[in-house]
Amino acid sequence: MLILVAAALLGYLLGSIPFGLVLTRLAGLGDIRQIGSGNIGATNVLRTGNKPLALATLLLDSGKGAVAALVALDLAGRFIGPDMAMTQPAMTAAVLAAGGAMLGHSFPVWLGFKGGKGVATAIGVLLAVCWPVGLLACLTWLVVAGLFRISSLSALTAIALSPLTGWWFGGPLVAGLCLFIAILVFIRHEANIRRLLKGEEPKIGAGKKAA
């Protein structure tokens, strides 16, 4: 259906907005891709020392994923009828928009397909498509971060568990989206995973303490 193609394209375009890059340039901090890990996400924006800017990046990267899914759900509901907003076709449109947003953030066409790692966008997507799954992902991140103080481990654990919670709370469609997100996030965290296996991944606040 045309609406499904439009939903995926809408998601990609919204997801590909590089808020981290845009905000740091507007703040006069230069090109975020030349700082730290070179990533355009909130974690790397935080390395500029500007916490409000990092928080804004986190919220906007999460928000664009949520907006993509919710707009697609609304438009699909309008297209197929007001009583069909939460039916399988409309939810499929939302899931495709969510997946498109993840791809857009990770591989934005405007930046030569070199984007972020997708965790913030994934959380926004999950909260919009099936809020219990998104909420559990947030709680998992907080628990693992509190125990081990490693951001990447917290993110990977939260995302890895999402297909199970997605199946439980949302069924096969949501679980499929969660599996796609998990695969994409793990691919984007390849370097982090290598450091985790070697015990070399820095802990939260380690750079600040060293300074």
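Mentor: We begin with a definition: a residue counts as buried when its relative accessible area is under 20%. In this predicted model, buried residues make up 45% of the 211 residues.

Trainee: Which residues of helix α2 are called buried?

Mentor: In α2, which spans residues 19-26, they are F19, G20, L21, L23 and T24. Each is called buried because its relative accessible area is under 20%. Just after α2, G28 takes a positive phi of about 75°.

Trainee: What pattern does the protein follow along the sequence?

Mentor: The pattern is α-α-α-α-α-α-α-α-α-α-α, with eleven helices and zero strands.

Trainee: Why is α8 called roughly perpendicular to α10?

Mentor: Helix α8 (residues 151-170) and helix α10 (residues 190-198) pack at an angle of about 110°, and their axes are 10 Å apart. Angles of 65 to 115 degrees count as roughly perpendicular, so α8 is roughly perpendicular to α10. The crossing of these two helices is left-handed.

Trainee: Which residues make the contact between α8 and α10?

Mentor: Helix α8 contributes S152, L153 and L156, while α10 contributes N192, I193 and L196. The residues of this contact divide into four nonpolar, two polar and no charged.

Trainee: What radius of gyration would a compact globule with 211 residues have?

Mentor: Such a globule would have a radius of gyration near 17 Å; the protein has 17 Å, so the value agrees. The C-alpha atoms fill a box of roughly 60 × 35 × 25 Å, taken along the principal axes.

Key: Residues are numbered from 1 along each chain as its sequence is written. This is a predicted model: local features need pLDDT of at least 70, side-chain atom pairs count only at pLDDT 80 or more; totals for chains, interfaces and linings use all residues. Side-chain values use heavy atoms; hydrogens and water are left out. Buried means under 20% relative accessible area, exposed over 50%, partly exposed in between (1.4 Å probe, protein chains only). Helices (H or I, at least four residues) and strands (E, at least two) are DSSP runs, numbered from the N terminus. Axes are lines fitted to C-alpha atoms, for helices over the stretch in contact, and angles run from 0 to 180 degrees between N-to-C directions. Angles under 35 degrees count as roughly parallel, over 145 as roughly antiparallel, 65 to 115 as roughly perpendicular and the rest as oblique. A crossing is left-handed if the near helix is turned anticlockwise from the far one by less than a right angle, and right-handed if clockwise. Contact means heavy atoms within 4.5 Å. Ala, Val, Leu, Ile, Met, Phe, Trp, Tyr, Cys and Pro count as nonpolar, Asp, Glu, Lys and Arg as charged, and the others, Gly among them, as polar. The radius of gyration is taken over C-alpha atoms; the globule rule is 2.2 Å times the number of residues to the power 0.38.
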